[in-house]
Amino acid sequence: MPVQRHASVIRLRGELEAEYRALHAAAWPEVLATLKRAHIGNYSIFLRDGLLFSYLEYTGEDYAADTALIAECPVTRDWWARTDPCQQPLDSVGDGERWAPAEEVFHLD
């Protein structure tokens, strides 16, 4: 299966930056295991000027099904209950989206 690269953006609420950083400094093992079971790896989140930029690589066969499995995990939903208040979606997101997908315009292997 070829690797699919996914990137997305969301705002970080400045007053909750320390909390967001602390959560990710001690990411919950079950959340990380769930991501790996969903064929997600090489996952990073970067911060610049109040914007969080995420990048991940997906190696499975059905991204929608695997991300649905992540959303079904009760521990992950608890994690999101802690991290979501730290974030503010961009004005351009669609209904039901939090992180705005970013379009890849260049890649070099």
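Predicted model: local features only at pLDDT ≥ 70, side-chain atom pairs only at ≥ 80, totals over all residues.
I take helices (H or I, at least four residues) and strands (E, at least two) as DSSP runs, numbered from the N terminus. With that, I place Phe106 in the segment after β5 (100-101).

I count residues from 1 along each chain as its sequence is written, and I use heavy atoms for side-chain values, leaving out hydrogens and water.

**Entry 1**

I looked up how open Phe106 is. I call a residue buried under 20% relative accessible area, exposed over 50%, and partly exposed in between (1.4 Å probe, protein chains only). Phe106 has a relative accessible area of 65%, so I note it as exposed.

I then found that Phe106 forms a nonpolar surface patch with Val105 and Leu108, and that together they have about 420 Å² of accessible area. Such areas come from the Shrake-Rupley method with a 1.4 Å probe, and for residues only the protein chains shown count as cover. A patch takes residues with over 30% relative accessible area and no salt bridge; like charges are joined within 9 Å, and nonpolar side chains (Val, Leu, Ile, Met, Phe, Trp, Tyr) within 5 Å. A salt bridge is a side-chain nitrogen of Lys or Arg within 4 Å of a carboxyl oxygen of Asp or Glu.

**Entry 2: aromatic pairs**

How many aromatic pairs does the structure hold? I find 3. Rings of Phe, Tyr and Trp (its six-membered ring) pair if their centres lie within 6.5 Å; planes under 30 degrees apart are stacked, over 60 edge-to-face, and the rest tilted.

One of the pairs is Trp28 with Trp79, edge-to-face at 5.1 Å centre to centre and 75° between the planes. Trp28 sits in the loop between α1 (17-25) and α2 (29-37) and Trp79 in helix α4 (residues 74-83), so this pair ties together parts 51 residues apart in sequence. I note Trp79 as buried at 7% relative accessible area, and Trp28 as partly exposed at 25% relative accessibility.

I also list Phe46 with Phe53, a tilted pair at 6.3 Å centre to centre and 40° between the planes. Phe46 is partly exposed, at 47% relative accessibility, and Phe53 is partly exposed too, at 34% relative accessible area.

**Entry 3: Ser54**

I find Ser54 in strand β3 (residues 51-58). Is Ser54 buried or exposed? I count it as buried, because its relative accessibility is 4%.

The Ser54 side chain makes a polar contact with the side chain of Ser8, at 2.7 Å. For a polar contact I need a pair of N or O atoms within 3.5 Å; within protein, one must be able to donate a hydrogen and the other to accept it, and residues adjacent in sequence count only if both atoms are side-chain atoms. Contact in general means heavy atoms within 4.5 Å. Leaving aside neighbours within four places in sequence, I list contacts of Ser54 with His6, Ala7, Ser8, Tyr43, Ser44, Ile45 and Trp99.

**Entry 4: positive phi**

His39 is not a glycine, yet I read a positive phi of about 70°. His39 lies in the loop between α2 and β2 (40-48). Asn42, also not a glycine, has a positive phi of about 45°, and I place Asn42 in strand β2.
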